[in-house]
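Subject: Structure for your review

Dear colleague,

Please find below the structure I promised to pass on to you. My notes on what was found in it follow directly after.

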Amino acid sequence: MFEPIDSAESELSFFEKLWQINWVVVLLLCATAGVGFAMLYSAGNGSFDPWASRQIVRFGIGITMMLVIALVDLKFWFRYAYAIYLVALLLLAAVEFAGFGAMGAQRWINLGVIQLQPAEVMKITLVLALARYFHAANMIDLGRILYLIFPVLLVAGPTVLMIRQPDLGTAVMLAAAGGAVFFLAGVRLWMFGVALAALLAVVPVAWHFLHGYQKKRILTFLDPGSDPLGAGYHILQSKIALGSGALFGKGFLQGTQSRLNFLPEKQTDFIFTMLAEEFGLAGGLGLLGLYFLLLAYGVGISLRARCQFARLLGMGVTVTFFLYLFINIGMVMGLLPVVGVPLPMISYGGTAMLAVLIGFGLLLCVGVHRDTRIGRRGLTE
Amino acid sequence: MRSDSDRYKSFTRRTAAVAGFKIALLSVLGARMYQLQVVQADRYATLAEENRINLRLLPPPRGRILDRRGRLLAVNRQNYRVLMTVERADAAKDTLDALGRFIFIGDGDRKRVLREIGRKRSFVPVTVRENLDWNEVATIEVNAPDLPGVTIDVGRSRFYPGNELAAHVLGYVSAVSEEELNGDPLLELPGFKIGKSGVEKVYDGLLRGTAGTSQVEVNAIGRIIRELSRQDGEPGWDISLTLDLDLQTFAAERIADESAAVVVLDVQTGDVLAIVSTPSFDPNAFNSGISTADWNALVNNVRSPLTNKAIAGQYSPGSTFKMIVALAALENGVASPEQTAFCNGKYEFGDGTFHCWKRSGHGRVDMVDAIAESCDVFFYDLSRRVGIDRIAEMAGRFGLGHDLGIDLPGERPGLMPTKAWKLAVQGVAWQSGETLVAGIGQGFVLTTPLQLAVMTARMVNGGRAIVPRITRREPNAEGSAELGEAEMSIGVSDAHLRLVRRGMDDVVNGPTGTARGVRVEGEALAFGGKTGTAQVRRISERERQIGVRKNEDIPWRTRDHALFVGYAPLAEPRYAIAVVVEHGGVGSAVAAPIARDILLEVQRLDPARSAPQPLALVR
């Protein structure tokens, strides 16, 4: 089958590309980040220091990076998808085994201004690699188990590394995002049944290979009640802060629970609680609305793309973004166990924001290059 | 291309499914938010307030206790404590070592401090030592740079400047015991102390005041962020006593070596001017927690220093009771003022012989002589004719045999036997011979020194039923009704009272009086009274024959009590006194000199005529 690369859109000039960027999405991202700055300003007790100011700088860097990524030709990302994935995987393995950071407690790589956690980057690159792989899949391939061994390995590699840490939040996100791309690519539904069964079979075996402290951490993760002064306490305080915010909140800078440090990690994982305490249900739903619009645009952009790689990439990013916010908000409201997943665009932290912006860069890139066609066998033809 | 379009269709379907799934999950988030922030908002709002608001009690300063002239008997002293806050100390142990170079820190304190540091939150100060003196405070302040986290704090602790003086009246304060908790949160405050005896106990409610409250906002680790509201409490009332500090001091020193009790009353008002019980104890010792050894020493002391003998010691009144018998006889018409009797040293009654203390006898005596010389035979005869019930009735009018209701804890009623009493309590009929024994103040009759003082006061103030009191009351305040009652007559004729008083005058000033040896020359300061010697055990017939009666020959515990009741001045009595020296021997020799000295002092000080203090209770 011959599918010539459409030469027309590759001739888009820089300015035409700039014009093609979905500026509404950029605007929505800025708005969301703005909410984040306000909350970090509040978390700093009405001060830009120590959090809000640094976050603004990072956002500046991140949004620039996102626009650059968006303008890069989609084929570039297609071509180097596996390479990028490999680099990220190696970095992940490096911090895991070589033990970057003090005592292995800080698993990030210092890039000067921004300290990068390979785990966050992995979430995006995994989607990229999977999209690249499933781009070539036809309906018959998708019914063959052998065909799926490679993408399963793509998902399993980083996931296993994360379980070993154990960083179950990231592991779950990787697995879920990977699974979503499988699903979107058209993998047969019965395969998911098989995968689930296989997973259930593997768990007891894997359990044996874990150290005692690892088992304990996993158990605490699954049942926060077993650690009432740790995770359980955090969730109770979070619910108190959230609930006491009521309909319209206590007002900006007036959240007593956050202000008096009853709320743990208010600038990072529990920042949504602070928002909901100070701005109430209205504020919480408002932020959910912003997220919903971003997700809707993500879906829209993905649907309009001409090639499967772009579609899968776009939807993969959207799903990842959704997983971030759903796990985080579900956690602070006591619906999900406590895991270290930040609230995208709001939580203090460079890597998460960068990962999300890189993701949106790819999504925007998909939008800019919506008419780009890439042959099923790739760019070689 | 066909498969491509299939793939696109599949992608679109599945994208729709994923989007739908996301919308569903977002709805779950929204619903949960609604549940927490709308449905359960009130509950969480309450929890949030409980989280951050802490109610703290502000203990009120305890009221002071003053004497009748406003001199301080119980005060709150500043208590300098050295505290350590580990939050700022580099290392608790090092700081403690450094501190130990400047002030003494016992091993026990050291261990306790390290233990408390382990338990408490790091910003909560731990008390290292209390009651520092000025030198220690100064040393620590000067060396503050070398002692990170060490601070000096000023608290309040109860202090009795007179130490042992009036300890029985003032009482003491001590930590609240488990049984005393009554739901008042003030009592649960660490270090809070309440009155455990004396005035501190009786007027604890007034002295305590009411606690203020302070609502503070605290953060997650309990540190106070700010005060939200403050409601100041009311400090405790000052309580002003009827005691005269100088007289109290004088009396206490006068009987310091004895196991004794002295009560001095104003016969017109019932004011207790001095009330001493020896040996005493130091109430300051209870404040900081008394050691077990010290406590056992107090409890096991045979002279019972913790008992207020003036109100809780019950003694046979001995011959001081004879005036009651005389008045009972006179008032009931059993004897006339001219009544005489012949004393040959003994009195035959029934199958028994009742001896007079003077074996040779007094010869013919009238009532005044009988009192002056304390003739037993005269009163054997008189009491036999009056009968025990009428004696008891008269004793009651003078305040004997029942509580006088003084505002001190632990008052005991004494005992004034009647026929009915004996039948009820002992189940045996009253023996006539027992009336004779009671007639000279022995046997069943028991009185307290306070009762004897009140008896004397009522005898010399024209028969007015004054009530003893230890706290001063405002004349126009609620207490005035009580004052009216206090002025009520006890219904004994003035002539009879004067007759008895002549006898008491002669005890000291008459030519044959038993206390003639202690008389005061000169009209101005002369006093009257009555001696008494109370047997602690029966004298056996054998002992009587061989003549073992000297107190020095028998153990202290079984020696006689020496008593004296007196009044002064002679012409217009203003002060009454009762002295009881436990196992002191003969009243005239032991108790009378004490009474004389104290009566001279009270007349010199003349507290009754000093300018009255404006208020009984002062803020």
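A residue is called buried when its relative accessible area is under 20%. Please keep in mind throughout that this is a predicted model.

I begin with helix α2 of chain A, which covers residues 23-43. The helix has 21 residues, and the distance from its first C-alpha to its last is 30 Å, close to the 30 Å expected at 1.5 Å a residue. Its buried residues include Val25(A), Val26(A), Leu28(A), Leu29(A), Thr32(A) and Ala33(A). Further along, Gly36(A), Phe37(A), Met39(A), Leu40(A), Ser42(A) and Ala43(A) are buried as well. An α-helix has 3.6 residues a turn, so residues three or four places apart point the same way. Among the elements that cover the buried residues of α2(A) are α3 (52-71), α12 (256-259), α13 (271-304) and α15 (350-368) of chain A.

Both ends of this helix deserve a look. At the start of α2(A), a side-chain oxygen of Asn22(A) comes to within 3.1 Å of the backbone nitrogen of Val24(A). Just after the helix, Asn45(A) adopts a positive phi of about 55°.

For chain A as a whole, the secondary structure amounts to 15 helices and two strands. Of its 381 residues, 53% are buried. Among contacts in chain A with a separation of 6 or more, 76% join residues 24 or more positions apart.

Chain B comes next, with 23 helices and 20 strands. Buried residues account for 51% of its 619 residues. In chain B, 73% of the contacts with a separation of 6 or more are between residues 24 or more positions apart.

The largest nonpolar core has 132 residues, and the members that touch the most others are Ile275(B), Ile324(B), Phe398(B) and Met459(B). Helix α23 of chain B (residues 587-605) supplies the largest share of this core, nine residues. Domain 1 (56-240) and domain 2 (245-618) of chain B both contribute residues, so the core lies between them. Another core, of 125 residues, lies apart from it and includes Trp51(A), Phe272(A), Phe309(A) and Met33(B).

Over all chains, the structure holds 30 aromatic pairs. In one of them, the ring centres of Tyr172(B) and Phe286(B) are 3.8 Å apart and the planes are at 15°, so the pair is stacked. Tyr172(B) lies in the loop between α6 (167-170) and β6 (173-175) of chain B, while Phe286(B) lies in helix α10 (residues 284-287) of chain B, so the pair ties together parts that are 114 residues apart in sequence. Tyr172(B) counts as buried at 14% relative accessibility, and Phe286(B) counts as buried at 4%. In chain A, ring pairs link Tyr82(A), Tyr133(A), Phe134(A), Tyr147(A), Phe150(A) and Phe182(A) into a cluster.

Finally, please look at His583(B), in the loop between β19 (575-581) and α23 of chain B. His583(B) has a relative accessible area of 10% and is therefore buried. A polar atom of its side chain lies 2.9 Å from the backbone oxygen of Arg559(B). The residues that His583(B) touches include Val536(B), Trp556(B), Thr558(B), Asp560(B) and His561(B).

With kind regards

Key: Residues are numbered from 1 along each chain as its sequence is written. Chains are lettered from A and ligands numbered from 1 in the order in which they are written. This is a predicted model: local features need pLDDT of at least 70, side-chain atom pairs count only at pLDDT 80 or more; totals for chains, interfaces and linings use all residues. Side-chain values use heavy atoms; hydrogens and water are left out. A nonpolar core is a set of buried Ala, Val, Leu, Ile, Met, Phe, Trp, Tyr and Cys residues joined through side-chain atoms within 4.5 Å. Buried means under 20% relative accessible area, exposed over 50%, partly exposed in between (1.4 Å probe, protein chains only). Helices (H or I, at least four residues) and strands (E, at least two) are DSSP runs, numbered from the N terminus. Domain bounds come from an automatic or database domain assignment. The expected span of a helix is 1.5 Å times one less than its number of residues. Contact means heavy atoms within 4.5 Å. A polar contact is a pair of N or O atoms within 3.5 Å; within protein, one must be able to donate a hydrogen and the other to accept it, and residues adjacent in sequence count only if both atoms are side-chain atoms. Rings of Phe, Tyr and Trp (its six-membered ring) pair if their centres lie within 6.5 Å; planes under 30 degrees apart count as stacked, over 60 as edge-to-face and the rest as tilted.
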